[in-house]
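Here is a short report for a first look at this structure. Keep the sequence and the 3D view open while you read.

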Amino acid sequence: MLLSASEGRHWRYEVHEHADGYLVHMRDLETGDLDEDYATIFRTLPVAFAYADMSAAFDRFAAEEGREPEGDETALDLEVSERAFADLSGRLRDAGVRGGLIKAWDKAGRSESRTLYH
């Protein structure tokens, strides 16, 4: 279930419910495709929201590079969102886990035979 979305210039960062917490996906705004390589799972919802906001702010900031700057608004937005994420992540002890790592753990758990000790 989609809980929230933060839009950057080229990507939308969506927060979804997940069995292990809250998953932040990256969706291309032009094609609507999800980037399968980019996913992060957080245990807490506030940190997932802050991460999505920070990622969208970075996307907007990166899109401004090389253009005529419209002021320091995008840089300030990025700085504020980075501080909010770092603060929440530190206080809640939730740095997130890359989605690929969860897939690897699941795959390893299914493929290995388990030794039983009596």
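## The first hairpin

E1 and E2 form a hairpin, with 3 residues between them. Strand E1 covers residues 2–7 and pairs with E2 in the antiparallel sense over 5 bridges. Helices (H or I, at least four residues) and strands (E, at least two) are DSSP runs, numbered from the N terminus. Two strands pair if DSSP finds at least two bridges between them. The bridge partner of glutamate 7 is arginine 12, in E2.

This is a predicted model: local features need pLDDT of at least 70, side-chain atom pairs count only at pLDDT 80 or more, and totals for chains, interfaces and linings use all residues. Residues are numbered from 1 along each chain as its sequence is written, and side-chain values use heavy atoms, with hydrogens and water left out.

## Salt bridges

Side chains of opposite charge can pair when their charged atoms come close. A salt bridge is a side-chain nitrogen of Lys or Arg within 4 Å of a carboxyl oxygen of Asp or Glu. The count by this rule is 7 salt bridges. One of them joins glutamate 14 and arginine 27, at 2.7 Å from N to O. Glutamate 14 lies in strand E2 and arginine 27 in strand E3 (residues 21–28), so the pair ties together parts 13 residues apart in sequence. Both glutamate 14 and arginine 27 are buried. Buried means under 20% relative accessible area, exposed over 50%, and partly exposed in between (1.4 Å probe, protein chains only).

Glutamate 79 pairs with arginine 83, their closest N and O atoms being 2.5 Å apart. The two are 4 residues apart in H2, about one helical turn. Glutamate 79 is partly exposed, at 35% relative accessible area, while arginine 83 is exposed at 57%. Aspartate 87 forms a salt bridge with arginine 91, with 3.2 Å between the closest N and O atoms. They too are 4 residues apart in H2, about one helical turn. Aspartate 87 is partly exposed at 41%, and arginine 91 is exposed at 57%. Elsewhere, salt bridges that share partners join Glu7, Arg12, Glu14 and Arg27 into one network.

## Helix H2

H2 (residues 73–92) has 20 residues. Its span from first C-alpha to last is 28 Å, close to the 28 Å expected at 1.5 Å a residue. That expected span is 1.5 Å times one less than the number of residues.

Which residues of H2 are buried? They are Leu78, Ser81, Phe85 and Ser89. Seen down the axis of H2, they fall within an arc of 75 degrees, so they line one face of the helix. The arc is that of the directions from the helix axis to the C-beta atoms. These buried residues pack against E4 and helix H1 (45–64); contact means heavy atoms within 4.5 Å. The face turned away from the buried side carries the exposed residues Glu73, Leu76, Arg83 and Arg91. After H2 comes arginine 93, with a positive phi near 55 degrees.

## Aromatic pairs

Rings of Phe, Tyr and Trp (its six-membered ring) pair if their centres lie within 6.5 Å; planes under 30 degrees apart count as stacked, over 60 as edge-to-face and the rest as tilted. The count by this rule is 4 aromatic pairs. Tyrosine 13 and tyrosine 38 have ring centres 6.1 Å apart and planes at 75 degrees, so the pair is edge-to-face. It links distant parts of the chain: tyrosine 13 is in E2 (residues 11–18) and tyrosine 38 in E4 (residues 34–42), 25 residues apart.

Phenylalanine 42 and tyrosine 51 have ring centres 5.0 Å apart and planes at 50 degrees, so this pair is tilted. Both residues are buried. Ring pairs link Phe42, Tyr51 and Phe85 into a cluster.
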